[in-house]
Amino acid sequence: MSSSADSAAVRTDGTVTDRLVEANRRYAAAFTDPGMDARPVLKVAVVACMDARLDLHAALGLELGDCHTIRNAGGVVTDDIIRSLTISQRALGTRSVVLIHHTGCGLLNLTEDFRHELAAEVGQRPTWAVEAFKDLDEDVRQSMQRVRTSPFLPHTDDVRGFVFDVTTGLLREIDPQS
Ligand SMILES: [Zn+2]
């Protein structure tokens with residue numbers, strides 16, 4: 001244990017970030033170098049929504065070093081997700097892609113009006129689409145399709161999509177053909 005961890009006082013005030021930094025001192029004090037390289041052990045990349053109720057490692061039985069987790073609002077396959085998947089496959093050896101959306105997603109309540117209202121408010125049109133959706137299953141299919149048809153990805157034969165139920169913790173697989 002380092003002396004800085006020993007001397008770190010537990011803060012009960014301060015910002016949320018202070019709390020995180022304090023938690024990190026405790027984490028690092030107990031941490032031992034796992035001696036891993038950057039290539040995910042299970043050769044899989046998981047693309048999921050950023051939702052706070054979705055603990056990917058716990059829900060999928062993943063350990064440190066097992067996979068890439070790539071997250072954004074909705075788990076939508078945007079150009080930036082394709083960018084990360086391309087690096088994941090071509091530079092870091094992953095072969096499989098798992099896509100996870102979930103019940104109660106914030107994007108189910110939004111429309112592209114969000115983008116228009118934002119532009120009207122701030123006087124600048126965002127370059128990105130909101131990618132809101134009404135049908136979870138259909139959006140998972142759309143996401144699988146975007147991954148499978150990307151010219152940048154060499155490995156598109158093992159791409160599967162799921163909806164995570166935030167009330168039961170269960171995944172439901174989506175048939176890409178339905
Ligand atoms: Zn979500």
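Mentor: A residue is called buried if 20 or more other C-beta atoms lie within 10 Å of its own, exposed if 12 or fewer do, and partly exposed in between, with C-beta atoms placed from the backbone. Helices (DSSP runs of H or I, at least four residues) and strands (runs of E, at least two) are numbered from the N terminus. What you see is a predicted model, in which local features need pLDDT of at least 70 and side-chain atom pairs count only at pLDDT 80 or more, while totals for chains, interfaces and linings use all residues. Residues are numbered from 1 along each chain as its sequence is written.

Consider next what comes after the helix. Just after helix 5, Gly-123 takes a positive phi of about 75°. Further along, Glu-131 is placed in the loop between helix 5 (113-122) and helix 6 (136-148). Glu-131 also has a positive phi, near 60°, although this residue is not a glycine. Most residues other than glycine have a negative phi. With 19 other C-beta atoms within 10 Å, Glu-131 is partly exposed. Lys-43 is another non-glycine residue with a positive phi, here about 55°. Lys-43 belongs to the loop between helix 2 (16-30) and strand 1 (44-49). Lys-43 counts as partly exposed because it has 18 C-beta neighbours inside 10 Å.

The loop that holds Lys-43 leads us to strand 1, where Ala-45 is found. Ala-45 counts as buried because it has 26 C-beta neighbours inside 10 Å. Leaving aside residues up to four places away in sequence, Ala-45 touches Cys-67, His-68, Ile-70, Leu-85, Ser-88, Thr-94 and Val-97; two residues are in contact if their C-beta atoms, placed from the backbone, lie within 7 Å.

Strand 1 pairs with strand 3 in the parallel sense over 5 bridges; two strands pair if DSSP finds at least two bridges between them. Across this pairing, Val-46 stands opposite Val-98 in strand 3. Strand 3 (residues 96-102) is mostly covered, with 5 of its 7 residues buried. Strand 3 is also joined to strand 4 (residues 159-164) by 6 bridges, and these two strands run parallel. There, Leu-99 has Gly-161 of strand 4 as its bridge partner.

The protein has 6 helices and 5 strands, arranged from the N terminus as α-α-β-α-β-α-β-α-α-β-β. Of its 178 residues, 22% are buried. Among contacts with a separation of 6 or more, 62% join residues 24 or more positions apart. An automatic or database domain assignment gives domain 1 (1-31) and domain 2 (34-174). The centres of domain 1 and domain 2, taken over C-alpha atoms, are 31 Å apart. Along the principal axes, the C-alpha atoms of the protein fill a box of roughly 55 × 45 × 35 Å.
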